[in-house]
Each structure stands twice: as C-alpha cells, then as structure tokens.
Amino acid sequence: MLMANLQDDISDVELKQRWRLYWITTIFEFSNLKLQEMAWVYPQTAKWPEDEVWSSSFDECISAYFEILALDDAYEKAVRHANVSKQEADHAKKFHQLAAFYMEPDANPQEILQDEEWLRVVSAAKEFWEYLKKNVTSQREKDLMNNLEKKFPFSCD
C-alpha cells in the first residue's frame, strides 16, 4: 500500500527521466569493454573509483536492457510512450539488433569479451553512445554521461 502511494507522488515526467537515466547507463555498460571486464571478470579485485563497485554480469547487462527497460520490441513502446525519440531509436537500431541476436559462445565472461561478435556489439554501442553524447539535451542526462565517463573511462578511444 505504501508503495502505491509513493508511485502516486512520482510524476510521469520524473518516471520518464528515471527510465532514460537507466537506459543511458545500460548503453554505457554495453559500450565500455573495460567496465565489462572489471564488473564481469574481476569484480572483487578491480580498482573501483571511489570504491563504487559496478555490480553486473553479462546476463544482468542483457536483462537490464531488454527486459527491465522492455526494449524487446525494438523500441516500439519506448517511442510510443515518448521515452526516446524516433531519431534515437533509429540510431540505436544497429546496436540493438546486434545485441538482440548475440549468442554468447560460453558462460565464461572472458570468452564473451574476446568474442568477435561481442566486440561488434560493443563497437555499435559505442557509436550509439557517441551519438547520444552529441544529441541529448537534458542537463541531467549530460551530467550522468560525463560522470560515467569520468569514473569509468573507456580503455582505448
């Protein structure tokens, strides 16, 4: 009952903003091979900035994007509900399709991170990340993107 009351206090605008912030964070994880290695392979021993551990795995990364954000329909609902623009959805298409059809070769995250097909997913996600960086207009989103890159820099740009 309390949860329903809390949700009533959150405006639709705030819910959309939170959705977008989570979405941007998932795109960042897909685009950052170094972060994936830290979180998926060496979570206990990685040197985390400000002791802020990024708790994730390959399965959690995929699930966050396709299931939690409900993007299994290739952005149809997200565009319809105005969570993303049609232009954003169009620019996400290559990355989205590669991620949707990716079949991991093994449950071992090191095998995934070395797989040529996965590297294509990461590359397409990075291209989409760069598009978003140039095109988001919300200061909140820009701040998130800058903060993510500052804390978890890309290994090879």
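The stops below say what to select and what is there.

This is a predicted model, in which local features need pLDDT of at least 70 and side-chain atom pairs count only at pLDDT 80 or more, while totals for chains, interfaces and linings use all residues. Residues are numbered from 1 along each chain as its sequence is written, and side-chain values use heavy atoms, leaving out hydrogens and water.

**Whole chain.** Select the protein chain and colour by secondary structure: there are nine helices and zero strands. Helices (H or I, at least four residues) and strands (E, at least two) are DSSP runs, numbered from the N terminus. Along the principal axes, the C-alpha atoms fill a box of roughly 45 × 35 × 35 Å. Of the 157 residues, 41% count as buried; buried means under 20% relative accessible area, exposed over 50%, and partly exposed in between (1.4 Å probe, protein chains only).

**Helix α2.** Select residues 12-31. At 1.5 Å a residue, the 20 residues of this helix should span 28 Å, and its end C-alpha atoms are 28 Å apart, which agrees. The expected span is 1.5 Å times one less than the number of residues. Now show side chains: the buried residues of α2 include W19, W23, F28 and F30. What covers the buried residues of α2? Among the cover are α3 (33-41), α4 (58-68) and α6 (86-101).

**Residue S123.** Select S123, which is in helix α8 (residues 116-135). S123 is partly exposed, with a relative accessible area of 37%.

Definitions and conventions: Contact = heavy atoms within 4.5 Å.
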